[in-house]
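Student: I'm new to this one and would like a close look at a single part of it. Could you take me through it in plain words?

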Amino acid sequence: MDIRLSPEQPTPEEQDAVNSLLGPEISSSAEKLGRHRLLPALWAVQSRVGWVSEGALNYVCHRLDVAPADAYGVASFYRLLSLTPRPLTLAHICEDLACRMKGSEDLCQEVEKHLGPSAPAHQPGMAPWQKSACLGQCDRAPAILVTRSGRISQDLILGEADLAQLLATLSGRSLSPPPAAAKSIPQLGEKGLRLLRRVGRIDPTNLVDYRAQGGYRALARALQIGSEGVIREVRDSGLLGRGGAAFPTARKWEAVAKAPRRPHYLVCNADESEPGTFKDRVLLEEDPFNLIEAMSIAAFATGCERGYVYLRGEYPLAKQRLENAMDQARAAGLLGERILSAECSFELEIRKGAGAYICGEETALFNSIEGFRGEPRSKPPFPVTAGLFGMPTVINNVETFANIPDIVLDGGADFASRGTKDSTGTRLFCLSGSVLQPGLYEVPLGTTLGALLERAGGVPENRSLRGILLGGAAGSFVGPGDSGLPLSFEATRAAGATLGSGAVMVFDDSVDLKDVLLRIAAFFREESCGQCVPCRVGTIRQEEALQRILSRGAAPASREELLALSEIAQAMRDASICGLGQTAGAAVQSGLTRFVLPAGGEE
Amino acid sequence: MSSRKPVQNVEITIDGQLRQVPQESTLVQACQDAGIDVPTLCFLQGMTPANACRICVVELEGSRVLVPACSRQVERGMIVHTESERVRLARRLVMEFLASSVDLSLSETAQEYARRYGAHPERFEAGVGPPPATVAQSVKVDNDLYVRDLSRCILCYRCVDACGEEAQNTFAISVAGRGFDARIATQFDHPLPDSACVFCGNCIGVCPTGALMFKSEHDLRKQGRWDESSQALTETICPYCGVGCALTLHVQDNRIVKVTSPPDNSVTRGHLCIKGRFGFEFVQESEEKS
Ligand SMILES: Cc1cc2nc3c(=O)[nH]c(=O)nc-3n(C[C@H](O)[C@H](O)[C@H](O)COP(=O)(O)O)c2cc1C
Ligand code: SF4
Ligand code: SF4
Ligand code: SF4
Ligand code: FES
Ligand code: FES
């Protein structure tokens with residue numbers, strides 16, 4: 001391609017940032033570096049100098065042979081990349097559901113008094129802070145992500161944050177240590193845990209420790225029983241995907257294993273951005289070797305020689321731990337060529353997301369890795385036929401993968417002995433909001449909602465349970481009367497709800513549910529990729545209509561207004577390209593009909 | 001390319017009619033063959049479907065959601081309903097979404113669909129509070145050849161694809177931003193003369209809403225003098241080089257006011273270069289000066 005650049009040049013600093021990723025420029029002719037390096041290259045600039053200037057963008061385009069308008073379209077897609085100057089240190093304060101319940105709005109007001117107004121998401125300026133969607137730290141609400149650009153870029157998370165802590169961090173006076181796992185996992189050390197059994201008991205930074213506690217025995221067994229053997233065990237386990245869509249994992253694996261076109265790709269979806277969800281983060285932070293082992297098994301079973309972990313950009317500790325684990329595995333011969341056997345070779349790479357919920361949708365994720373805007377593709381074709389780089393691809397969620405080593409070692413039947421007939425195994429649930437002990441819980445599928453809430457200590461004293469949002473913003477509300485609901489795929493489906501990502505957000509009678517619904521509507525408006533009309537315009541019309549109805553206080557909504565809202569929801573569900581638009585009206589509709597309208601005294 | 005296989009047919013049911021259709025066809029083609037008109041806005045024959053507007057959705061039995069007829073390939077045994085309640089509701093809402101946020105006054109097709117599905121975009125208007133968000137903005141006039149009036153843009157992606165890999169391979173424009181803020185933009189939103197644009201006008205040729213327009217047309221419209229009914233169309237071959245592109249000259253009051261090329265022309269497929277598209281400007285200008 002004959003690309004035409006504007007005259008703006010990169011600064012030496014920007015050039016150096018790009019070169020340290022891509023290597024020095026060898027000749028001026030376009031090198032075959034590949035467009036898929038676009039997002040990493042933009043990140044390299046962003047994390048060095050805090051924004052992507054036109055000169056820097058030009059240099060990246062020149063190195064990767066991408067047209068600048070095209071790269072501009074990509075860069076402007078992501079909230080964590082800025083195309084105007086920004087401060088090197090920037091606070092992202094969560095304004096999402098769990099954090100709102102723990103006072104994040106008050107916190108924002110205090111911060112505003114000290115630091116001035118926040119920068120609006122789509123028009124970032126030099127303000128040192130901005131509001132953010134859920135940061136995946138809901139058990140430690142309110143949460144703040146502090147990003148620091150520079151030669152050594154260093155992002156960190158503040159949990160149960162307050163103004164003093166934030167100011168100390170911004171001024172560089174304090175570097176709070178990562179939180180102890182115990183805090184997020186109230187069940188720590190309990191018998192019968194599967195996915196969480198190593199957490200807190202192994203050193204997540206040490207491969208030797210992981211192996212001493214049985215790590216890599218599953219991969220050895222996988223090599224013994226062969227690809228077909230592994231897939232048979234996964235089929236017998238009945239494992240359904242934990243990323244939200246509950247698709248049988250073995251079906252995907254089988255299809256890719258048999259696909260004649262090569263290469264095959266393996267992708268781990270670690271973009272976890274569903275509000276209220278933090279399970280994958282805990283697994284990545286506390287048991288990273290298990291994910292690497294699981295992916296190696298999957299790669300072996302499905303004939304993939306290359307894999308990616310697409311990791312949400314707001315998870316600095318998970319990134320650090322996973323990188324470290326990959327380095328150790330590579331050094332020990334457990335990643336790369338000939339892993340434990342001549343037949344098993346697997347190379348793994350982390351791709352850092354850049355602030356876009358939609359990139360958790362599998363085909364948007366592929367586009368993001370390939371260096372395009374994170375817009376979902378039309379399906380079919382499905383990823384098993386034409387996924388990453390157009391090739392047969394297995395994509396699974398972190399928690400889905402995390403189950404694999406046990407399934408291979410103990411057999412599919414053992415796995416299927418837990419849970420219900422159609423929802424086998426255990427499941428991680430992320431409890432947040434009005435419960436005594438928020439955190440991550442592992443229970444067999446089919447456990448009732450009431451029993452799960454009890455484990456978390458129930459709602460605080462003097463409060464009564466008002467509603468539960470199951471499955472995050474893309475899920476829907478259930479009420480206090482649903483405590484007998486078994487948390488299985490089939491039972492929630494029958495009840496018109498969903499387990500989704502495993503988020504369980506609890507609201508008591510002190511919470512303003514109108515505010516909750518408005519926040520959910522705003523979330524979808526902000527996160528729509530904008531590709532299709534029903535979602536691009538539907539999400540904003542939904543928010544506007546809701547604002548109108550709810551801002552009027554006691555005056556009931558008119559029949560026309562309610563009809564318009566429900567038709568907007570139906571059109572989004574029926575006609576949108578992807579799951580974002582298809583679910584963007586679900587929580588609002590269920591919340592309105594359950595809580596707001598009855599109280600508003602409608603007819 | 002392998003040798004041509006004989007066309008295989010599959011049997012599908014459209015609105016109760018049993019049809020034999022070539023395996024390679026899309027639902028839109030199958031519907032056309034059956035004499036059923038499925039509305040389309042972003043789709044353009046000869047280009048890869050963008051799947052963006054969703055006006056073409058139809059109901060497919062067994063599918064949880066509606067499917068886009070413009071891109072969905074037929075499969076044996078499909079049972080499709082093209083005007084069911086669900087379909088009509090989705091299409092009505094798509095038109096209400098578009099008409100309430102975009103200026104569709106130059107798109108007769110869009111207006112026809114809005115009527116056909118009974119769209120009432122005004123119902124989103126607030127009695128109180130801020131009006132519904134729109135993409136309204138001022139017209140970008142930054143060169144003498146064509147203008148961009150993005151208040152009319154429905155984000156069909158046609159211009160981006162025409163400028164990029166589907167025709168021109170220049171990649172001067174892209175969709176930037178996201179969600180409701182998504183828009184057609186050059187790099188860093190620069191004016192066209194400072195961008196990579198080579199003024200082939202192929203984006204204008206594919207734009208369905210008049211968002212991209214010859215400056216000559218824009219100026220005449222502004223003066224209230226644009227009059228399509230009085231225009232004569234003259235077919236000719238571009239004189240500038242040996243390729244032999246087919247041109248259609250649109251002439252009003254003895255002046256060429258715009259140049260197009262037939263989309264089904266085997267040489268151009270509707271696409272031209274700056275000389276064929278805008279060469280008339282220079283000719284007329286120098287004639288007027290002399
Ligand atoms: C808007 C949207 C966001 C999603 N985000 C995630 C995510 O963060 N993590 C994830 O594993 N799956 C996510 N999914 C689901 C994926 O598309 C896909 O189904 C999943 O990664 C498959 O893995 P599994 O079969 O192991 O569940 C999302 C889907 C949609 C529509
Ligand atoms: S539904 Fe929304 S997020 Fe999905 S493709 Fe359409 S606009 Fe993008
Ligand atoms: S005139 Fe040609 S080069 Fe310029 S934006 Fe349009 S299609 Fe691209
Ligand atoms: S400018 Fe025209 S062709 Fe381009 S996206 Fe908008 S409506 Fe489509
Ligand atoms: S971290 Fe704030 S809501 Fe999840
Ligand atoms: S015509 Fe099919 S999506 Fe636009």
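Into which domains is chain A divided? I'd like to start there and then see what surrounds that chain.

Tutor: Happy to. A word on the ground rules: this is a predicted model, where local features need pLDDT of at least 70, side-chain atom pairs count only at pLDDT 80 or more, and totals for chains, interfaces and linings use all residues. Residues are numbered from 1 along each chain as its sequence is written, chains are lettered from A and ligands numbered from 1 in the order in which they are written, and side-chain values use heavy atoms, with hydrogens and water left out.

Now, your question. Chain A is divided into domain 1 (12-75), domain 2 (89-174), domain 3 (207-415), domain 4 (426-508) and domain 5 (513-600), with bounds that come from an automatic or database domain assignment.

Take domain 1 and domain 2 of chain A. Their centres, taken over C-alpha atoms, are 28 Å apart. Seven residues of domain 1 of chain A and four residues of domain 2 of chain A make the contact (heavy atoms within 4.5 Å). Between these two domains of chain A about 380 Å² is buried, and carbon and sulfur atoms give 35% of that; buried area is the accessible area (1.4 Å probe) that two parts lose on being put together, summed over both. On the side of domain 1 of chain A, Glu13(A), Ser47(A) and Arg48(A) lose the most area to domain 2 of chain A, together 76% of what that side buries. The rule finds two salt bridges across this interface, a salt bridge being a side-chain nitrogen of Lys or Arg within 4 Å of a carboxyl oxygen of Asp or Glu. Glu13(A) also forms a salt bridge with Arg151(A), and their closest N and O atoms are 3.8 Å apart.

Next, the partner chain. Here 54 residues of chain A are in contact with 58 residues of chain B. Together the two chains bury about 4,300 Å², with 55% of it from carbon and sulfur atoms. In chain A, Tyr72(A), Arg541(A) and Asp574(A) lose the most area to chain B, yet together they give 15% of what that side buries. Four salt bridges are found across the interface of chain A and chain B. Glu527(A) forms a salt bridge with Arg178(B), with the closest N and O atoms 2.9 Å apart.

Chain B has its own division, into domain 1 (6-128) and domain 2 (133-289). The contact between them takes 18 residues from domain 1 of chain B and 21 residues from domain 2 of chain B. About 1,500 Å² is buried between these domains of chain B, 59% of it on carbon and sulfur atoms. The count between them is one salt bridge.

Back to chain A for a ligand. There are 13 residues around ligand 2, and those that come nearest are Cys529(A), Gln531(A), Cys532(A), Cys535(A) and Cys578(A) (near means a heavy atom within 4 Å). The shell around ligand 2 has eight nonpolar residues, five polar and no charged.

Last, the cysteines. The count of disulfides over all chains is zero, where a disulfide is a pair of cysteine sulfur atoms within 2.5 Å. Cys268(A) is in no disulfide, and the nearest cysteine sulfur, that of Cys304(A), is 13 Å away. Cys268(A) is buried, with a relative accessible area of 0% (buried means under 20%, exposed over 50%, partly exposed in between, with a 1.4 Å probe and protein chains only).

Note on methods
Ala, Val, Leu, Ile, Met, Phe, Trp, Tyr, Cys and Pro count as nonpolar, Asp, Glu, Lys and Arg as charged, and the others, Gly among them, as polar.
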